[in-house]
Every structure is written in structure tokens, then in C-alpha cells.
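Reader: I am new to this structure. Please take one part and look at it closely, then show me how the rest relates to it.

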Amino acid sequence: MSATADTLARDVVAFPSRAWFERLAALMNANRTRQEQLGYVDCIAQFTVLDGAADGGALAYRISFEEFEALGVEEPTTRDLGPADFALEGSLATWREMIENIAAGKGRPDLEHSLNRLSHMGTPLQLVYTDPVRMDCYFRFNQSLQEFVNASALFTTAYGR
Amino acid sequence: MNEPVPAATIGLAGARASLLTEAQLAHYEASYRKDYQAWAEVLGENIERIRRGSFSLHWLKTDGGNWGKRAKPSSRGLTYTDINRVRGYGDIPEHADWFNFAPRGSIREPYRARMPVVDDYTVTARDELWADNVITLYEEAKARQWNATKDIAWDELEPLPEDLEKATCQLCTFLTEVEFVAGDFPAKWLYRTPQDFLEVKSFLATQLMDEARHQEVFRKRAIAGGGLLHASPGFEWALKAILDAPSHTMGTFLLNLLGEGLVLSVFRSGEMIAKTQVDKEIFRRCLQDEARHVSYGVLELKNYLATHPERERAVEELHRFADIGEQVILSAFTEAALVEPVAVLLGGSLKQIDKGMEGLGHMWRMFIGEYLQRCTAAGFDRAPRCTIPLDLPWGVAA
């Protein structure tokens, strides 16, 4: 891990929050060598925590990937797809279980907690899309997206806003 | 170190490299003698000039060319999109009329009459091949290549209980069997495609490489885990139908959109039901490649139908092709040698195969639903005529 990534890894970040996804984006960008091994990622992915808000409503985070970088994180006011190619939606409990599993595996989920494993049957994560060609981006860049969330093992996550 | 393998150890003892018959050799000689005047004239002029010690330097002249307009790289380097922005290089003809290797954008017109014609270049219409995402997918494919020898942690492969190992190896045998048709099909059309459609040819070359790697990785996985198991007639008929498709678009529909769409679903299921991290990594890597091929298939069909001067006839023709194609593909996807190992892996053991079939039924609906969505995205409303059952007909006769 680079010195920048090491610095980024030290403190505690709340989930779900824009800061949590910005931390993942910063870690991805600090580890460009790995991204160059995996190849281009060109898509806009949305991660939605269906019951993440204080009032039990949904919170969504939209990450723009281009080339080898996460360009930015937005927090749209609704869970609508907007410009996103696809969204992964799930409950806070599901996301938490996945993040804790990745942390326990030191950056690698066990067989039951990969993104594809959790979303393939439409539950507990659901892949949401309107255009099947743009939805295919989820598959075309799956390894990169998996490693994007795997980086959560590099810092401590606190749950609840 | 790679040592040469003695032929005897790989079953070639007694085999001979082929020799042409006298008639075959004479035919080849005659075919080139037929054009003797054309190429011998070029050769004669070249020899004469060299003997004279004379320079031609005609290649320094730029009339009729596009000299001096330099391509500028973008953030990713110098892509086809970047060089196609330079005037004179990015015009992809609707109909190719150069049937040799003279590069698009070069000064070639003055030499046309003296150049040979490659008879195999038969796909002359751009819209039999083109997809709006083909350059993007080509760049993506190059950037996301991987190596089945060293990028998979083979030394971490764990032995599984016999039923799960056999199910995994049977699934890998199926995938080994089907993957190379997805290489042979683009290869068949690659060499029929004129050089002016270089972007499509380049993408098809990456598909060939991807499929070689898939065949390789599943063969390796099976042999590392116990061995290859059963080939199946149902797979073979589906593969033959793909290879025999009468046009590039029809074959691309059958292979990239339907066949690879279903194989993409198998890869996603494979990742989901993988019993080792090694298997998970293999399926995840492969599904990324497969999704590119599916994406090309959808947008190629979309472009074909959107630009066809007789769209209704083209759609009807495609429906008739799909009526057969779907059934032949179904013969592969209903084979016991595919359905049953997937059900065992889904259920968790041979004893739980019935439970696995329930899960497979759920996935089947999803697979066929996604196929029909892709057809719709391509402008091909297949849902009313789809011949594949929307629900897995498991046990309906019981």
C-alpha cells in the first residue's frame, strides 16, 4: 500500500455516508498500479442503502469511474438512477454484513459475500437498471467494482449516520 | 523450461505432415500463373529499377493523401477514436470496395488496377458488422486482458467433496466445449471482412483471444481438479448452428446476444455457486470478458436493424432464424451435463439436487428475461415469438 493509502486507512468512517464512498474512491485512486492491472473502468455505479436514512428511507451514492480512477461521489436526493448505468440496492444490514465480512477476510470476502454472489438472485442485493446494455457495465467491470468495495477493509467503519 | 514434447507422447506417432498431390500443387501454380502478367510486371519493374541503381521516391509525394494532419493522443493514449478524428482516416465506408490490404486513408487509388483482389472478402456492408461501441469495447478488451496461467492462484485450489468436484469439473467441461466456438465464429468472419472495417476486425481479434483464454482456464480448472468429464451432443448441435449461421449478423445474434448472454448468466451463477476462491476468481474474470461480447452483439444487431433499408423484411428474416436458433441453443441449455451439475452446485451436494433445481428455475426466468430485454434494446421485439419457455419446464409432466 502507498503512503497516501496508508494515511487514508487510519481513521473511522461512518456507513452509510458520502465520506465512506469518498474514502473508497481515494483509496482506489491511491492504488493506480492495481487499477492499471485490472484495466479501464468506465461507468457510473450507484450504491443504495434502502433503509440507511435516519427516518428509515433510502440513501444513494453515485460513483463516477473513468479510466483508472473514481472521479467523484455524489449523494443524490432520491434513489432514482439518474445518469447511473446501474444501481446495487440492499438493506443496511446486508451492506453491513458484506463490509464486516470483507474486513474479517482482510480485504477479500468469503464465498458468500462477493457483490455478484449477493446480487445474482436479486436478493439480498438487487441490481437495478433501465437499459440492459448499460447494466452490462456491472459485469464488464465486476472485478474492479469488487476491489473498490474490498478496500473498505483498509479502514474502520462505524455504522449509522 | 519448455522442452519439446515428443510426438509419440501426444498420439502423433506415425502421423505425417501432409504433402500436396501433384494435382493440388499444379492447381496452385496455375492460379498464380494466371495472374503472372500482373505481378511479374511489378517484379520486373522493381528489378530493373534496382539494376539501374535508380530511386523512385514516389512515396515522398503526398498528393491524394492525408499527409501532415497529426493525430493527438487523449488521456488514455492514442486510440482509434483519436486517429479517426483526423480528416481522411475516420471515414468508414458504407460499402467496402477495397478487397486487399491497402490501408484505409493511405494513397492507394493510383495502384488499384495493379493490386490483387482477395476473393474471401465477402462482407462488404458496414452495417453487417458495425456497432457504435466497437471501438470502446476494443480499448476495454485490451486494457482488461488477463493471464490464465499466472493471474489465477492455482496453488490455492482446494480439493472438494467428490460430488461437488465432479459437478465443477463437468461444468468446466461444458465451458471448455463451448468456448472455442466463440473463437471459431469470429475467426470465420474476421477473414471475410475487408480491411476498411479495421475497427471491427480488431475487436473480433480480442474476442478470439478472450475465448482462447476461457477455453484454457476451464480446461486447466477441470484437469487440476480431477479431470474433464462428459462432452454432449446437445452442446455440439448448438455450436454447429452458430458456426453455420448464414450471415454475420445472424450468427452474432445467436452467439453474442443469445448464446454468450446465457453463458454470461452461467458465469455469474458459477461465481455465485463457486466452492473455492479460485473458482470464484475464474468465473468473475470470465464474466467480464463475456459481457463485452454480449454488448457488441446487442449494439451490432441494433445498428443492423436501424440502418436496414428493408427493416421489416430484415426483422422477419431474423425471427425465422431465431425460431430455429433458440431451439438449437435450448438443446445445449437443457443437457443433463449442464443442468444437473449446476443444480448440484446450487443445492450444495448431490443429495440436494432437487433444491438446486428450484434455484435453477428462478435463474432460468432471469436468464430468459434478460435475453428478451437485450433483444428489445436492439430493436428486435422477440418476446411475442420467443420459443424458449420462460419457465424451466422441470417436472411439468410429473
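Author: Start with a term for burial. A residue is buried if 20 or more other C-beta atoms lie within 10 Å of its own, exposed if 12 or fewer, and partly exposed in between; the C-beta atoms are placed from the backbone. The model is predicted: local features need pLDDT of at least 70 and side-chain atom pairs count only at pLDDT 80 or more, while totals for chains, interfaces and linings use all residues. Residues are numbered from 1 along each chain as its sequence is written, and chains are lettered from A and ligands numbered from 1 in the order in which they are written.

The part to look at is the sheet of chain A. Helices (H or I, at least four residues) and strands (E, at least two) are DSSP runs, numbered from the N terminus. Two strands pair if DSSP finds at least two bridges between them. In chain A, five strands make an open sheet. Their order is S4-S3-S2-S5-S6, with mixed pairing. Strands of a sheet pair through backbone hydrogen bonds, either parallel or antiparallel. S4 and S6 of chain A are the edge strands. Each has a single partner strand, so one side of each lacks a neighbour in the sheet. From one strand to the next, the twist averages 25 degrees. Angles run from 0 to 180 degrees between N-to-C directions, and axes are lines fitted to C-alpha atoms, for helices over the stretch in contact.

S3(A) and S4(A) are antiparallel, joined over five bridges. A:Arg62 has its bridge partner, A:Glu74, in S4(A). The loop between strand S3 (59-66) and strand S4 (69-74) of chain A holds A:Glu67. Phi of A:Glu67 is positive, near 60 degrees, and this is not a glycine. Most residues other than glycine have a negative phi, and most peptide bonds are trans. A:Glu67 counts as partly exposed, because 16 other C-beta atoms lie within 10 Å.

Two residues are in contact if their C-beta atoms, placed from the backbone, lie within 7 Å. Helix H6 (residues 132-140) of chain A packs on the sheet and touches strand S2 (43-49), strand S5 (86-90) and S6 of chain A. The direction of H6 makes about 65 degrees with that of S5(A).

Other loops of chain A deserve a look too. A:Lys106 lies in the loop between helix H4 (92-104) and H5 of chain A. Its phi is also positive, about 55 degrees. A:Lys106 counts as exposed, because 9 other C-beta atoms lie within 10 Å. Further along, A:Thr123 and A:Pro124 are joined by a cis peptide bond, with omega about 5 degrees. A:Pro124 sits in the loop between helix H5 (115-119) and strand S6 (126-128) of chain A. Another cis peptide bond joins A:Phe15 and A:Pro16, with omega about 0 degrees. A:Pro16 is in the loop between strand S1 (12-15) and helix H2 (18-30) of chain A.

Last, the partner chain. Chain B has 13 helices and zero strands. Of its 398 residues, 36% count as buried. Chain A meets chain B through 20 residues of chain A and 29 of chain B. On the chain B side, H10(B) gives the most, with 11 residues. That side divides into 10 nonpolar, six polar and 13 charged residues. Here Ala, Val, Leu, Ile, Met, Phe, Trp, Tyr, Cys and Pro count as nonpolar, Asp, Glu, Lys and Arg as charged, and the others, Gly among them, as polar.
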